[in-house]
Structure formats: structure tokens, C-alpha cells
Amino acid sequence: MDSHAAVEHGPELLHHFSDAEQQRNAASLGMWLFLVTEIMFFGGMFCAYLVYRYWYFGDFGAASQTLDIRLGAFNTAVLIGSSLTVAMSIWAAQTGRRKVLVGLLLATILLGLVFLGVKAVEYHDKFEHHHVPGASFHFEGEVPGHPGLPVNPYHAQMFFSLYFAMTGLHALHMIIGIGLFSYLTYKAWTGYYTPKYYTPIENAGLYWHFVDIVWIYLFPLLYLIDRHR
Amino acid sequence: MATAVVTAERENYLNKEYGVRSWLLTVDHKRIALLYLVSVTFFFLIGGLFALLIRLELLTPAGDLVQADTYNKLFTMHGMVMVFFFLIPVVPAVLGNFLVPLMIGAKDLAFPRINLLSWYLYIIAGVLMLHCMLTGGVDTGWTFYTPFSTAFSNTKVVEAGIAVFINGFSSIFTGLNFIVTIHRMRAPGMTWSRLPLFIWAQYATSVIMILGTPVVAVTIVLVAVERLFHLGIFDPKLGGDPLLFQHLFWFYSHPAVYIMILPSMGVISELITCFSRKRIFGYSFVALSSIGIAVLGFLVWAHHMFVAGISLYAALIFSALSYLVGVPSAIKVFNWTATLYRGSITYSTPMLYAFGFLGLFTIGGLTGLFLACLGVDVHVTDTYFVVAHFHYVMVGGVLMGYLGGIHFWWPKITGRMYPEFWGRLSALIVFVGFNLTFFPQFILGYLGMPRRYYQYVPEYQVLNVLSTAGATVLGVGYLMPMVYLLWSMRYGKPASDNPWNAAGLEWMTSSPPPTFNFDETPVVDFEAYDYEHIPEKHEEEVAVG
Ligand SMILES: [Cu+2]
């Protein structure tokens, strides 16, 4: 256990790694693999979306048009902005700017909270309009491009089922991410991260970028379909 | 290495610390392996109890011991406990945890704390499952088929679902840990082409774990959400598609069979080379066939749905692809057989189990080809033929490999030898009992006895009595190792560092190994299974028959 005692390293090097490089590589490979499992996790839902969008093509279009495209676009911008602050926080860690690092991490958390706030407004809206699947669900309208063809409410309900399942799972990931970044902010404040050791920030950054990318797919699939009609 | 008795006194991972805390908060992969050993054995006993009740009920054609409702719960919980809480974790979490770092010359897995987290997730899931079973149970079958599970069953589907979900993350984290460890933690000189085949098997298994498990997890979430909030994704009444559930479920659950069998195949490669004192025949073929199984295994799931209403063209393609999985499996069996050819074979307990594996897995695999054949499958779908087939693979194959491995590495794990006579006897009893239990079920299925019913027509009774009789023999065979292995931990002969004179890094450290496995990081300059260069005889008797 003391075989590497002579080698100089920070307190963060765990005993079972031979050097900091190996530890860093292991952590980063682990994170990438975790993201692979996340892709498969969301993949099940995207698969369900694909099937039902194909089956209930027009009904999905009609249901999608009730979503507020401005709120969706705003949130997309917010998330892309937060990806920028995350990327910059890694730069700050690399160059040892502690205060900048803390500020950027806080900005990321703030943007995440803004996103969730807007999402909450949207969810509230769905409740108001009885667009939440269940006994009180109600939907009337015409299939876009087919005047006089009424929307099948069950199929519209399927759209909202997927909407809530997918955005709900995404929001859950955002909440976990915000928790993660709060911890990082605290650690960064204490000066734990140095230009030699900032792997956790890098890995949390990877996670955050992944959650952003999921939204980049969710936004067009849920908000932008059949808008041209 | 000649100081067998002296090494028993030196500090190792077992005597380093004592007390409950030192076990429950350990991050040592070897101790976590033992935590798993105890917990999977516990769930094996629970699942075995359900199996016993099922076989007792089927002793007579009438429903006398239990009625339909109870019987449905019995086979459901037998399946859930055995699949999710025993077969999937058993070899990776016990033998894999113990051996992966040792075999590649690492001090521990890459993420020791996540490894401990895996065990806790497993325990939380297990406690939930137990609670679910004690407060009413589930009756959906281990497959959770919709719309029965979402709209009709009035049992504890959600709770069982949450248990399976949490357990899934335990398995994902184990897989992730293994992949990173195998990539990043190998000792100097341990190249990919020098890895023991057990490691290749664990690697392939881990790939399936991290790619498949999330899909079943999200599917179970959707089932739970549908039950709780009427989301209707699988409910045909609301425009949903129950077949979508089956697709998503089997996308994981077919490859899950390979999560169970691949690690055991890895064990068999170790056993056969050691006890025939030969290099493996066709190393790279055996190694890559594991990867081949992992890849092809993801392309065959719909063979579970031939009669569910998928299109004929889809069924034909899945039928053809299912045949293809037979190729890498056959490569393994042929190469093992070729390894045996002209080897100097020792019939020790682990080797007897390996032979048992070859027999049972071959029968299980070949009957799998019957089922991959569209025409035959339509005839025997949902009959005891299917039950017999998957028990031959999942129980016969997996358990033979596991028990063989446990005996083989027992001296390394505990520092004690097991009693050889009892070991061989148990291997024999398990083999006989297993065939007596499940071979009649092939015939029953072919004659048309459907699975999952608590009654049957009197014509089937003789074969069912045979099967139940076999199950009791099998039960004795499984209980015996539990008794004598426990006994040997205290009274067994102290083991030397390498009692089998086997190749591999795990045999180059003391038995039991020190906490960080090796006093000095080993440097590897030899190929795997280099038995030509290892003298056959050892100063200690190797229990030759
Ligand atoms: Cu299958």
C-alpha cells in the first residue's frame, strides 16, 4: 500500500491506481460508458416515440402544436448557454482561476434552474388545459393539413404521455445535474481543484453536455413537428 | 510458494480487519465478492424454495397443494428471484469481483466505492423484493407482460418493478466497473492477447450489461408509470401497443441469457485448460466468440415473439439470426473439446463440473436451435419444452460453471481446501438430479403440456413425478456444497498458493491474497495457459483420482 509513497502526488490519488494519469483515464472512460448506458436508457423512450409518431402521424402533429414554441426555444437557448458556462468552467479549472470557476459553476446552476422554472410553467399550462393524460384528459382539434378530420383523443393523449415521460426524465437528469454542480461549487470554493486535478469537473461537464444534447433532440421532436402547415 | 503453512499466518484480506463494520464498509473487491457470495446464496435458497413448491404441486394432476392464484405467484417469484437476484449477478458479482483484478494484476477494480454501491443497490432491491413477496407477491410472470401487468393484475407489480429497476443499476455499475478495469488497470505486459479467457468473457458480459440493462429499466419504469398514472404507452385500450413492450423487454432479456452464461463459459475455459494441462485450443477464437455472442445476442430478441403477432418476414429474419448465435457457442464447445484431446486429464471436482457443463450446455444449446426454427417453435411455444431448454442453459450451464469455479478458486478465496470426495459426489449428484428433473420436461413439452398451469391431464403424471423426484436429488446436490464448503472454512486443509499448479496471475499471490492482491505489481511476460512450461507435479498432492 505504500509502494508509491515516494511518488509525489496530491491527496486525491487513490491507493489502487499507479499514477494520476491512470486514475484520470479510468474516471473519464467510466463517465463515457455511463453516458452510453444513458443513451440506451433514453433510447427506449425514443423508440416508443418513433413507433407512435409513425402510427399516429397527424394526431401527433396536432397535439404538438399546442406546445408553446417560444418557451421551448427560450429553454433551448438557456441550455446551450449553460453548456457554454460548463465548458468555460473547465478552462477556469485548468488555468487555476478559482473565483472564476466558482462563478461559472454558479451560473450553470442558475441556468439549470431557469430551465426547470420554465418547464414548471409549461407543465402548469398542461394541467390548465386538461392535457395531462388520465381521466380528465381532453383534446379537441383537427389534424393539420386535413380540414374536417378530427383528432383521435387517445392518440393525442399518447403524444402527451410521451411528452411527460420524456421531458420528465430529462428534468430529473437536470435536477441530478444541479445537485452535482452544487457539490462541485462547494468543493471548488474550498480550493480542492487545481490545474493538476480537475477530473470531477470534466466528468460532470460531460454529463451536463449529454443532458443538453438530449434536449436538442427532444425540442424538435416534441415542439417542431408539422409546424410548416 | 513452498511455504504453504507459513503463508496461512501472514496478513491477508480476511484477517486484516474483523468486525461487521470492516465488512459492510469495505471497498476491497475480494470482500465485496464475499458479501455477494452470501447474498446470492440467500436468494438462491429463496428461489429454490419456490421451485420446490412448484414441483410439489405438479406431483399430481389436480391442484391440491395450492390453487391457481398462488401457483401464478410461485412461478413468478421463482423466476424473478432466480433471474434477477441469482443468475445475473452470480458469476460476475462473486467470481468476477474476486478474480478480475487478480487475473489482470491490479490492486482493485477501477471504482471500488461504486463496487460497494453496486452491492448496496442489490441489497436494497433484494429487501424490496422480499417485502413484496411477504406482503402478497406478484403474479405477472417474471416477464411483466402488458396489458396484464399494467391493467389487470391486482398484485404488487409496481413494487416488484422498482426492485428489478434498482437491481438493474447494480448490474450496470458492475459492468461499467469491469470494462474500465480491464481497459485501464492491466499490469505491465498483460496485453489483450494474454488475458485469461475468463476476463474476455467478463468483458463481453459487461458490454451486454451496460447496453441492455438500461432498456429494460426504462421499460419497467413505463410499466410502473402506466399502472400508476394511466399513461397508456403499452395499453391497447388507449392506443398503445403491448408488442412494443415485448420488443423492449426482450431486447434486454434475451441478451440477459448471455449475461448469465458467458461468465460461466469463461470459468470453463480456465478449468479445462488447468485440468488437462494444455494451452487452450484456438485462443483468439474462444476470446472473440465471447464478443460475437454479445453482438449477435442483441439481434435475435424477437424469437420470443413468433406467435405474438409480429410479421412473418420479421419472424423469418429473427429465426435466421437466432441460428447464427449457435455459431460462436459451437466454436467454444468444439475448442474446449479439442483442448481436452490428448491432454493429461485430472478428474478433480472442478473438472467434473466442467464436464457437466459441456453436457448440459450442449443439450440446452441444441434445443435452442429447435426453438429458433419457426415451424417447431410454433408447435412448442409456451410448453415445457421451452422450460426445459432454458433451464438446461441458464441453470445447468450457469450453475455448473459457477460451482466448478467456486471449487476451483475456493483455496484462493478462503485459504482452505474443500473435501475432494464430497466435492466429486456433489458434482455427480447435481448432474444426475439435473437431467432427471429437466429431461422429462422436454418430452412433456413435446407432448403438449403448457407451462404456467397448476393442473394438467393425468397422462402427464409419470413424467412429472420423475421430474419432481429429480428436483429433490438436485436439491440435495446443491445443498451439499453449502455444507462442506462452510465446514472447510474452519476444518479444511490449509491450501498452498497454487494447489492446482495452475497458470494465471491469481495463483502467483498468496492464498488468501493480501488486501492489495500483490506485494509487488507483477510484470507479465508469458502467454495465457502456458501449461507446457509449468511442471505437472507439485510437492502437494493435487488430489488425483
Ligand atoms: Cu431468447
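Analyst: What follows is a set of questions and answers about a predicted model, in which values are set against the cut-offs that give the terms their meaning.

User: What makes His254(B) buried, and how is His303(B) classed?

Analyst: Buried means a relative accessible area under 20%. His254(B) has 7% and is therefore buried, and His303(B), at 16%, counts as buried because its value is also under that cut-off.

User: How do you know that Arg279(B) forms a salt bridge with Asp530(B)?

Analyst: The term requires a side-chain nitrogen of Lys or Arg within 4 Å of a carboxyl oxygen of Asp or Glu. In this pair the closest N and O atoms are 2.9 Å apart, so the term applies. Arg279(B) is in the loop between α9 and α10 of chain B, and Asp530(B) is in the segment after α16, 251 residues apart. The two residues are also linked with Glu532(B) in a network of salt bridges.

User: Why is Arg279(B) called partly exposed, when Asp530(B) counts as buried?

Analyst: Partly exposed covers the values between the 20% limit for buried and the 50% limit for exposed. Arg279(B), with 31%, falls in between and is therefore partly exposed, whereas Asp530(B), at 15%, is under 20% and so counts as buried.

User: What makes Lys119(A) and Glu122(A) a salt bridge, and where do they lie?

Analyst: Their closest N and O atoms are 3.1 Å apart, and this is within the 4 Å limit, so the pair qualifies as a salt bridge. Both residues lie in helix α4 of chain A, three residues apart, about one turn of the helix. Lys119(A) has a relative accessible area of 3% and Glu122(A) one of 1%, and both are called buried because these values are under 20%.

User: How do you know that Arg53(A) and Asp226(A) also form a salt bridge?

Analyst: Here the closest N and O atoms are 3.6 Å apart, which is within 4 Å, and therefore the pair meets the definition. Arg53(A) is in helix α1 of chain A and Asp226(A) in the segment after α6, 173 residues apart. Arg53(A) and Asp226(A) are both buried.

User: What can be said about where chain A and chain B touch?

Analyst: In chain A, 35 residues are in contact with 38 residues of chain B. The two chains bury about 3,100 Å² between them, 76% of it on carbon and sulfur atoms. His16(A), Met40(A) and Phe41(A) supply 20% of the area that chain A buries against chain B, more than any other three residues. Between the chains there are zero salt bridges, but there are eight residue pairs in polar contact. On the side of chain A that touches chain B, α1(A) gives the most, with 19 residues, and the residues of this side divide into 23 nonpolar, twelve polar and no charged.

Notes:
Residues are numbered from 1 along each chain as its sequence is written. Chains are lettered from A and ligands numbered from 1 in the order in which they are written. This is a predicted model: local features need pLDDT of at least 70, side-chain atom pairs count only at pLDDT 80 or more; totals for chains, interfaces and linings use all residues. Side-chain values use heavy atoms; hydrogens and water are left out. Buried means under 20% relative accessible area, exposed over 50%, partly exposed in between (1.4 Å probe, protein chains only). Contact means heavy atoms within 4.5 Å. Buried area is the accessible area (1.4 Å probe) that two parts lose on being put together, summed over both. A polar contact is a pair of N or O atoms within 3.5 Å; within protein, one must be able to donate a hydrogen and the other to accept it, and residues adjacent in sequence count only if both atoms are side-chain atoms. Helices (H or I, at least four residues) and strands (E, at least two) are DSSP runs, numbered from the N terminus. Ala, Val, Leu, Ile, Met, Phe, Trp, Tyr, Cys and Pro count as nonpolar, Asp, Glu, Lys and Arg as charged, and the others, Gly among them, as polar.
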